[in-house]
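Let's walk through a protein model together, from its overall build to what lies inside. Keep the picture beside you as you read.

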Amino acid sequence: VFQRTVQLVASAFDLATDDDSVARRLDDLLHSAQQQYPVRVRHALSVWRSAQTGWHFAEDDRPPTLADSIDAAIDLVDRRIHELALDALADHTKLHAGCAVWAGRRFLVVGRGGAGKTTLMTRLLGEEGCQVEGDELVLLHDGEAVAYPRRFGVRRLTLSLVPEVGALAPHLTDGPGALEPGGYHVLALDPARLNVPWRIGYGTVDVVFLLGERISGASRLSSCETAAALTRLMDQSAGPASGSGAWVRDLATLARNARLFELNVADLDSAVRLVRECVL
Amino acid sequence: MDWTRAYKRADGLDVNELSDGYVIYQQSADRVHYLNGTAVVVFELCNGETTADRIPDLLKGVYELTDPPTAEVEQCLARLLDEGLLQPA
């Protein structure tokens with residue numbers, strides 16, 4: 001019997017199966033991030049196979065549901081843990097951003113899909129003293145930010161930019177939405193595989209980098225006016241269930257507490273240098 | 001806009017302070033407004049008691065101007081009224 005507990009911010013999931021192949025698939029699916037966020041809710045999910053009726057999925061005390069195949073059963077687990085985890089954070093604003101802490105100072109890298117968040121955050125994994133927490137989704141509430149634990153979705157095409165990760169490529173499995181529009185192939189990277197501890201804390205944000213258009217030459221950093229920054233933060237976020245007022249409040253608090261910059265990335269080394277100079 | 005009237009904040013505004021202005025969520029219109037520093041001062045002076053005709057002189061004092069910025073205040077008040085952020089007191 002495989003039993004594993006995984007934490008997704010405020011939710012803990014006790015997963016169980018009696019099938020080895022399901023266990024392997026779940027291991028591939030889960031992350032290894034150590035989190036400080038207090039767990040507020042627990043769920044029990046299980047998958048098992050019956051010779052007569054096939055694959056079953058059960059969630060807490062609900063009656064089990066049938067799944068057509070092992071793939072369908074794994075998809076159900078994957079979908080439900082994320083739905084339940086995000087339901088538990090319904091009062092948070094969700095922001096498309098990477099998140100890291102460097103010398104105790106938390107910073108976000110905000111940008112649309114394909115802007116280069118994951119590439120920059122992955123490159124930062126190799127920087128001494130930089131604790132990268134997430135590459136894609138950050139939750140904001142009451143002036144605090146927490147990265148949503150998700151294995152990094154690294155595009156195969158960008159692996160050559162971060163050699164340490166490129167060396168791992170043969171061992172990486174497909175990430176969520178493995179084939180993006182445009183034919184990008186996305187691999188799932190658990191930062192712990194680079195022998196760096198993957199820890200996710202939570203707290204106030206000191207610096208926000210808004211990713212702008214890619215440029216040639218050297219990367220460029222410029223301060224960003226609050227009004228323009230707020231517009232871009234709204235474009236890259238979704239508000240909490242409690243409504244737009246709370247959404248604006250979360251973003252205004254972020255903009256008030258943090259220094260706001262636009263970062264135009266050319267090469268990664270110069271971008272990392274600018275981030276370091278700005279944050280430290 | 002009537003210079004002899006006092007104005008006040010409209011109902012149903014979520015006002016959030018920033019380092020250089022306000023960002024306001026207007027529930028009735030489901031709209032977000034950004035006010036720069038000067039607009040914030042005008043907005044704050046509209047406290048339901050101060051008549052509009054006093055605002056240019058007050059701003060002249062705040063910003064140590066040589067003349068009261070009457071045209072700018074008129075434009076700002078008109079915009080705030082037009083956007084529904086202010087209402088007659």
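Helices (H or I, at least four residues) and strands (E, at least two) are DSSP runs, numbered from the N terminus. By that rule, chain A holds seven helices and 20 strands. Bear in mind that this is a predicted model, where local features need pLDDT of at least 70, side-chain atom pairs count only at pLDDT 80 or more, and totals for chains, interfaces and linings use all residues. Residues are numbered from 1 along each chain as its sequence is written, chains are lettered from A in the order in which they are written, and side-chain values use heavy atoms, leaving out hydrogens and water.

How far does chain A stretch along its principal axes? Its C-alpha trace spans about 65 × 45 × 35 Å. The radius of gyration, taken over C-alpha atoms, can be set against a globule rule of 2.2 Å times the number of residues to the power 0.38. For 280 residues a compact globule would come out near 19 Å, and chain A agrees because its value is 19 Å.

Now look inside. Buried residues (under 20% relative accessible area, 1.4 Å probe, protein chains only) make up 52% of chain A. In soluble globular proteins, nonpolar side chains tend to be buried together. A nonpolar core is a set of buried Ala, Val, Leu, Ile, Met, Phe, Trp, Tyr and Cys residues joined through side-chain atoms within 4.5 Å. The largest one has 93 residues, and F107(A), L108(A), V208(A) and F209(A) touch the most other members. Beyond its neighbours within four places in sequence, F209(A) is in contact (heavy atoms within 4.5 Å) with residues including L221(A), F261(A) and V279(A).

Key:
Buried < 20%, exposed > 50% of the residue type's maximum accessible area, 1.4 Å probe, protein only.
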